[in-house]
Amino acid sequence: MTQRFYLLAASQVTANVGFVLYTMAVTSYIKENTGSTALASMITMTSLLARLLSGLSVPLLADTYKPIHIMRSVQVMQIGMLVGLYVLLTGEFTVTVLTMCFIIVGIISLMGYFLK
């Protein structure tokens with residue numbers, strides 16, 4: 001196996017661990033601020049639905065663009081979205097913040113499937 005394989009494998013592992021950690025953090029944040037387990041669990045549902053939609057759209061983009069370009073672009077966008085999520089979560093909790101959390105988690109999950 002080549003060095004590129006190990007770099008790709010390390011990237012995948014890091015992305016998956018990061019996904020689990022940020023999902024847990026956002027779920028915990030929502031549970032703490034709303035007191036609603038149902039609302040907190042909707043983070044996982046949002047992620048699941050976004051990944052389902054992403055899985056349906058991956059073949060369309062894969063035929064149009066080179067896979068390496070898709071992977072690089074998606075990773076940069078995910079990092080930007082995670083930074084935005086962090087900034088959002090450090091502010092005061094409002095309904096707008098809650099809504100934006102769901103939107104950002106959905107977008108990150110939508111892009112996450114492209115890295116598989």
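The axes of helix 2 and helix 4 cross at roughly 35 degrees and come within 8 Å of each other, where axes are lines fitted to C-alpha atoms, for helices over the stretch in contact, and angles run from 0 to 180 degrees between N-to-C directions. The model is a predicted one, in which local features need pLDDT of at least 70 and side-chain atom pairs count only at pLDDT 80 or more, while totals for chains, interfaces and linings use all residues. Residues are numbered from 1 along each chain as its sequence is written, and side-chain values use heavy atoms, with hydrogens and water left out.

**Exercise 1.** State how many helices and strands the chain has, and the pattern they follow.

*Solution.* Helices (H or I, at least four residues) and strands (E, at least two) are taken as DSSP runs, numbered from the N terminus. On that basis the chain has 4 helices and 0 strands, and reading along the sequence gives the pattern α-α-α-α.

**Exercise 2.** Describe the handedness and the residue make-up of the contact of helix 2 with helix 4.

*Solution.* Begin with the handedness: helix 2 passes helix 4 in a right-handed crossing, a crossing being right-handed if the near helix is turned clockwise from the far one by less than a right angle, and left-handed if anticlockwise. Next, list the residues in contact, meaning heavy atoms within 4.5 Å: helix 2 contributes Leu 39, Met 42, Ile 43, Thr 46, Ser 47, Ala 50, Arg 51, Leu 53 and Ser 54, and helix 4 contributes Leu 98, Phe 102, Val 105, Gly 106, Ser 109 and Leu 110. Finally, sort them by class, with Ala, Val, Leu, Ile, Met, Phe, Trp, Tyr, Cys and Pro as nonpolar, Asp, Glu, Lys and Arg as charged, and the others, Gly among them, as polar; the division is 9 nonpolar, 5 polar and 1 charged.

**Exercise 3.** Determine how helix 1 is oriented relative to helix 4, and by which residues they meet.

*Solution.* Helix 1 (residues 3–34) and helix 4 (residues 95–112) pack at an angle of about 165 degrees, and their axes are 12 Å apart. Angles under 35 degrees count as roughly parallel, over 145 as roughly antiparallel, 65 to 115 as roughly perpendicular and the rest as oblique; the two helices are therefore roughly antiparallel to each other. Their crossing is left-handed. Phe 19, Tyr 22, Val 26, Tyr 29 and Ile 30 of helix 1 meet Val 97, Leu 98, Phe 102, Val 105, Ile 108 and Ser 109 of helix 4, which gives 10 nonpolar, 1 polar and no charged residues.

**Exercise 4.** Is Ile 104 buried or exposed, and which residues does Ile 104 contact beyond its neighbours within four places in sequence?

*Solution.* Ile 104, placed in helix 4, is buried, with a relative accessible area of 7%. Beyond those neighbours, Ile 104 is in contact with Met 81, Gly 84, Leu 85 and Leu 88.

Definitions and conventions
Buried < 20%, exposed > 50% of the residue type's maximum accessible area, 1.4 Å probe, protein only.
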